[in-house]
Every structure is written in C-alpha cells, then in structure tokens.
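Visitor: I am new to this structure, and I would like to learn how to read the pairing of charged side chains. Could you take me through it step by step?

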Amino acid sequence: MTTDRRPRDGRMPLRGHLVELRRRVVLSALGILAGAVLGWFFYEPVFEALQRPILQAAASRDAVVSINFGGLATAIDMQVKVSVFLGVLISSPWWLYQLWAFINPGLNRTERIRTYGFLGAAIPMFLAGAAFAALMLPNAVRVLTEFTPDGATNLIDAQTYLSFVMRFVLAFGIAFLLPVVMVSLTLLGVVRARTWARGWRWAVLLSFTFAAVMTPTPDVLSMIMLALPVCGLYFLALAIGTVHDRREDRRRVAAGLPRIDGTTPSTEESA
C-alpha cells in the first residue's frame with residue numbers, strides 16, 4: 001500500500017518543494033517534447049503561413065523580399081525550431097496545468113476553486129495572445145519591409161525571421177496572461193486592487209519596456225502594438241479587482257468583520 005508523504009495541511013519542507021518543482025518542470029518538458037513531435041508533421045503548412053507575410057510584402061512593393069537559408073544545415077535547424085515552437089503552443093494547457101499543480105498543495109479549498117478559474121482563463125488568454133500576434137504579424141512585416149530602398153534586395157535570414165516571429169507570438173501570449181495573474185492575486189487576497197492602482201504609472205512603463213525587450217527589431221511600431229494591449233489588459237484587470245474588493249469589503253462589513261486589509265469599519269458603515 002502506498003502512502004502520501006505530503007502532510008494533510010499541504011505543507012512541505014524546502015527539499016520537498018524542490019523535488020516537486022523538478023517533477024513539474026520535467027513533466028512540462030515532456031509535454032513540450034510531445035507537442036514538438038506533433039508539430040514536426042505540421043512544419044510545411046506552418047512554414048507556408050510564416051512565409052506568406054514576406055511574399056505579400058514583396059508583391060505589394062514589386063521588390064525582391066524573401067527568406068534566405070544561409071547555411072547547409074539551416075533548413076533542418078529551422079524545422080526543429082519551428083517544431084519546438086509549435087510544441088510550446090500545443091502543450092500550453094499541459095504546462096500551465098503543471099504550474100497550477102505545483103502551487104495547488106499549499107492552498108485551501110476556496111483558494112483551489114479560484115485557481116481552477118485561473119487555469120481556465122490562462123489557457124484561452126495565452127492562446128488569444130498568440131492568435132492576436134499572428135493577426136498583427138503581416139502588418140508588422142509589411143511596415144518593416146517598406147523601409148527597403150527601391151531597387152534593393154531584402155534577403156531575410158531564416159533564423160532571424162523565425163526568432164522575430166517566435167518572440168513576437170510568445171510575447172503577446174505572455175502579455176495576455178498579465179490580467180489573469182493580477183485578478184488571481186486579488187481574488188486570493190494577496191494584492192488589493194488599490195495597490196495595482198497606485199502602481200499604474202510603473203505598469204505602463206514596464207509594459208513599454210517589456211515590449212521593447214521582447215520585440216527584437218528596433219522599430220517603434222512593433223513595440224507600441226505590444227505595449228498598448230498590455231496596458232489595456234492591465235486596466236481591465238484593475239477594474240475587475242476593484243469591483244471584487246468593494247463587494248468583499250461590503251460583505252465583511254455587513255458581517256461585522258474587518259475589511260480585507262484589516263481595517264475596522266466605522267459605526268456608520270456597520271449600520
């Protein structure tokens with residue numbers, strides 16, 4: 001008969017947390033590997049989709065703009081990287097679940113129910129961010145290639161272009177997870193909405209900094225296209241958190257309890 005070494009209250013020593021973290025990382029890596037194997041068989045249609053913005057940009061300018069494979073092993077290296085990239089996208093529900101499973105033992109029953117909501121929202125938000133990036137990609141490629149002088153040839157290195165696409169898509173996917181994390185922390189009582197509100201200037205600054213780092217090209221357009229949705233999602237999550245905190249404070253005041261932040265309501269509020 002097997003026994004569960006984890007205490008019933010969910011507490012584990014540091015070594016147990018490290019072992020559990022290693023286990024979740026390994027399971028996540030295996031999931032990405034399985035997704036990469038599946039992505040290998042979809043390489044050709046995916047590469048055609050990646051190449052389409054380049055071909056459209058060339059046709060619109062009547063210029064030579066194409067992807068260049070500059071080495072003997074560049075083509076197979078490209079296929080491996082695209083497969084891994086697809087593996088990350090395909091297996092996103094799996095490795096997001098592993099993240100949830102790692103923090104789950106330390107939560108009580110109410111908190112676990114709320115983290116189910118986090119998991120249910122994180123997966124579609126990540127995929128929505130990736131899909132939004134895919135919609136924005138042709139415009140980004142068109143604008144960037146328009147800077148090619150007339151009569152010049154723009155042979156884009158395959159590895160450079162793939163890095164641009166991967167970072168562009170993953171940046172949007174990660175950025176779209178921001179409101180989910182914010183709302184989850186607010187619902188769990190870790191961070192109050194007014195704390196997020198006080199830091200809105202820093203949030204805007206960090207959004208543009210994040211966009212500048214995650215977009216590999218120095219153009220302002222790509223940075224703005226990523227930063228503006230991140231800022232919008234930040235304020236959306238702030239609004240949801242504010243509504244939650246107000247409802248929770250009213251409920252606790254009506255029950256004669258302190259507010260979430262521990263302050264005691266006045267006599268008029270209690271009445």
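Guide: Let us begin with the term itself: a salt bridge is a side-chain nitrogen of Lys or Arg within 4 Å of a carboxyl oxygen of Asp or Glu. The general idea is that side chains of opposite charge can pair when their charged atoms come close. Please keep in mind that this is a predicted model.

Visitor: How many salt bridges does that rule give here?

Guide: The count comes to 4 salt bridges. One of them joins arginine 192 to aspartate 245, with 3.5 Å between the closest N and O atoms. This pair links distant parts of the chain, since arginine 192 lies in the loop between α7 (178-187) and α8 (193-198), while aspartate 245 belongs to helix α10 (residues 220-254), and the two are 53 residues apart.

Visitor: Are arginine 192 and aspartate 245 buried or exposed?

Guide: For this step we need a cut-off, and buried means under 20% relative accessible area. Arginine 192 counts as buried because its relative accessibility is 14%, and aspartate 245 counts as buried because its value is 5%.

Visitor: Which residue forms a salt bridge with lysine 81?

Guide: The partner of lysine 81 is aspartate 77, and their closest N and O atoms are 3.7 Å apart. Both residues sit in helix α3 (residues 74-90), and because they are 4 residues apart there, about one helical turn separates them.

Visitor: What links Glu20, Arg23 and Arg24?

Guide: Those three residues are linked in a network of salt bridges. Within this group, the side chains of arginine 24 and glutamate 20 meet at 2.9 Å, taken from N to O. Arginine 24 and glutamate 20 are 4 residues apart in helix α1 (residues 14-40), so about one helical turn lies between them. Both arginine 24 and glutamate 20 are buried.

Visitor: Where is alanine 34 placed, and what separation do its C-alpha atom and that of valine 88 have?

Guide: Alanine 34 has its place in helix α1, and it is partly exposed, with a relative accessible area of 48%. Along the chain, alanine 34 and valine 88 are 54 residues apart, and their C-alpha atoms are separated by 9.6 Å.

Methods. Residues are numbered from 1 along each chain as its sequence is written. This is a predicted model: local features need pLDDT of at least 70, side-chain atom pairs count only at pLDDT 80 or more; totals for chains, interfaces and linings use all residues. Side-chain values use heavy atoms; hydrogens and water are left out. Buried means under 20% relative accessible area, exposed over 50%, partly exposed in between (1.4 Å probe, protein chains only).
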